[in-house]
Amino acid sequence: TPTLVWLRRDLRLHDHAALHAACSTGGPVFVAFVFERDILDALPRTDRRVELIWHALADIERQLRERGVGLIVRHGRAREVIPALVHELKAQRLVFAHDDDPFALARDEAVRAALAGVRVDSVQDVTVFERRELLTGAGKPYTVFTPYKNAWHKAMAAEGAACLAERVPNLAALAPSPLATGLPSLADLGFEATDLHERYRGGATQARAQLAEFVSERMADYADTRNFPAVKGPSYLSPALRFGLVAPRELARAAWPLREQEGAGGWLNELIWRDFYHQVLHHHPGVVHGPLKTDYARVVWDEGPEADELFAAWCEARTGYPLVDAAMRQLNQTGYMHNRLRMVVASFLCKHLGLNWQRGEAYFAEKLLDFDLAANSGGWQWAASCGCDAQPYFRIFNPTSQSEKFDAKGVFVRRYLPELARLTDGAIHAPWAAKPIELGGLRLGVDYPRPVVDHAEARAKTLARYAVVKAG
Ligand code: FAD
């Protein structure tokens with residue numbers, strides 16, 4: 001009996017739950033990917049993510065071709081295309097990895113409904129632990145990270161090898177299909193080439209090499225380096241994880257045995273945050289539209305032309321706070337932003353500019369190469385103090401001291417704000433407070449903006465704004 005594997009955010013052929021399940025049943029297996037028209041139509045014609053996906057598929061197609069089989073690629077609505085393919089291939093079974101993004105769940109339901117009589121199996125692949133696998137003693141989902149992490153460790157210690165075992169698919173089961181007519185070009189899909197970073201142009205083959213490099217060269221130092229944006233500290237694997245060029249269990253497999261070491265243990269912790277936010281999304285899909293802590297919906301954010309201008313200044317890296325602006329340039333220019341800076345700019349948007357965090361969340365969703373609904377919503381609600389185990393509302397990052405602490409010599413700031421290159425190390429974090437001689441000729445307000453808000457004033461306003469929550 002033929003089986004169709006539908007690739008979605010698992011764009012690789014190795015350690016692959018859906019392929020592993022499909023290829024162990026005996027019959028011929030076909031592999032398909034759909035460029036989802038409903039998603040693509042809403043994007044600008046130059047979207048780095050579309051190009052990243054395209055390269056990932058090219059890598060898969062190359063590997064399949066070496067085996068004499070092809071990849072079925074379509075551009076359309078998966079809810080129509082997938083059932084049609086199943087019928088054309090006379091497949092008796094459809095297998096895919098499920099994803100708790102509400103859009104994906106609704107689409108998958110529609111596909112199931114259109115395939116009455118066909119076996120549809122969804123498998124776990126997007127996280128290490130998911131959904132209801134880890135629950136409190138009372139059978140409830142966790143809402144605080146540390147107990148969740150402890151449960152994660154406990155379950156891993158108990159299940160260890162089985163949980164992390166590589167899902168090696170028997171690729172000999174893959175069969176050629178006349179429907180595999182080749183990968184359309186980016187232009188055929190209506191997109192233009194972008195400036196996507198080299199490291200994301202090689203699909204799973206390259207992502208695996210990147211993982212191996214991180215694990216052997218840099219993981220041990222992660223705890224010391226991860227907070228400093230000028231340093232090559234983190235793995236930069238988030239886009240690979242987003243699109244499944246590597247399996248999250250591959251990463252956990254590398255870190256788990258070394259978890260007692262600070263570097264590997266710290267990195268594993270971040271992977272557990274990823275699982276945490278995915279299970280939050282599963283149990284509380286409402287986080288897509290609003291705060292998890294519903295009383296925070298009472299916080300009144302600034303709106304109107306002045307607020308719109310502040311939002312534009314944030315997006316366009318002209319807030320006058322160098323670390324914030326350098327971070328926003330990193331996002332705009334590369335599609336990536338360092339985690340420390342995501343926390344700083346997110347906090348700045350809601351707690352300095354007084355803007356609804358959902359505006360920032362939407363901007364990140366548009367720009368981030370690694371945009372992931374669960375992690376993005378979790379990160380923004382953490383920063384705005386309204387999510388699971390969030391930062392308390394009265395903790396307000398000071399962008400100047402964050403800069404002094406995590407970019408002391410201004411290396412990162414100078415990289416993205418070359419107009420500040422000649423400022424002294426002391427002046428670069430807060431040019432408005434520097435002596436003229438420290439500015440190296442910079443004309444404040446002309447070459448670089450003065451701060452759009454004052455830290456102390458903004459802090460006081462924010463505490464007042466959040467008082468509605470405290471008042472109950
Ligand atoms: P590493 O430090 O190497 O970490 C390894 C992996 O762990 C990451 O690739 C990621 O998958 C996971 N991870 C790390 N930190 C977190 C975290 N805090 N929460 C959840 N998972 C984490 N991450 C996304 O993948 N997509 C997003 O859309 C996203 N939006 C964010 C928004 C805000 C406001 C904040 C504060 C954080 C957000 N993050 C998001 C989390 C984090 O910033 C990125 O995962 C990380 O910077 C990616 O870089 P890396 O792969 O080099 O990370």
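The structure is a predicted model, in which local features require a pLDDT of at least 70 and side-chain atom pairs count only at pLDDT 80 or more, whereas totals for chains, interfaces and linings use all residues. Residues are numbered from 1 along each chain as its sequence is written. The protein averages a pLDDT of 97, and 100% of the residues score at least 70; pLDDT is the predictor's confidence in each residue, from 0 to 100. The model has an ipTM of 0.99 and a pTM of 0.98.

Three domains divide the protein: domain 1 (3-125), domain 2 (127-166 + 204-283) and domain 3 (294-470). Their bounds come from an automatic or database domain assignment. The centres of domain 1 and domain 2, taken over C-alpha atoms, are separated by 25 Å. Between these two domains, 13 residues of domain 1 are in contact with 15 residues of domain 2, contact requiring C-beta atoms, placed from the backbone, within 7 Å. On the domain 1 side, 4 of the touching residues are nonpolar, 2 polar and 7 charged. In this classification, Ala, Val, Leu, Ile, Met, Phe, Trp, Tyr, Cys and Pro are nonpolar, Asp, Glu, Lys and Arg are charged, and the others, Gly among them, are polar.

Domain 2 and domain 3 each give at least three residues to the shell around the ligand. Of the 28 residues around the ligand, P234, S235, S238, N376 and G379 come nearest; a residue is near if its C-beta atom, placed from the backbone, lies within 6 Å of the molecule. Helices α9 (238-242), α11 (262-283), α14 and α16 (373-383) each supply at least two shell residues, and α16 gives the most, with 6 residues. Helices are DSSP runs (H or I, at least four residues), as are strands (E, at least two), numbered from the N terminus. By class, the shell has 15 nonpolar, 6 polar and 7 charged residues.

Helix α13 (residues 322-334) has 13 residues, which at 1.5 Å a residue should span 18 Å, and its end C-alpha atoms are 18 Å apart, in agreement. The expected span is 1.5 Å times one less than the number of residues. The buried residues of α13 include P322, D325 and L331, where buried means 20 or more other C-beta atoms within 10 Å (exposed, 12 or fewer; partly exposed, in between), with C-beta atoms placed from the backbone. These buried residues pack against α12 (305-315), α14 (339-352), α15 (357-367), α17 (399-406) and α18 (411-416). After α13 comes G335, whose phi is positive, near 85°.

Helix α15 contains R359, which counts as buried because it has 20 C-beta neighbours inside 10 Å.
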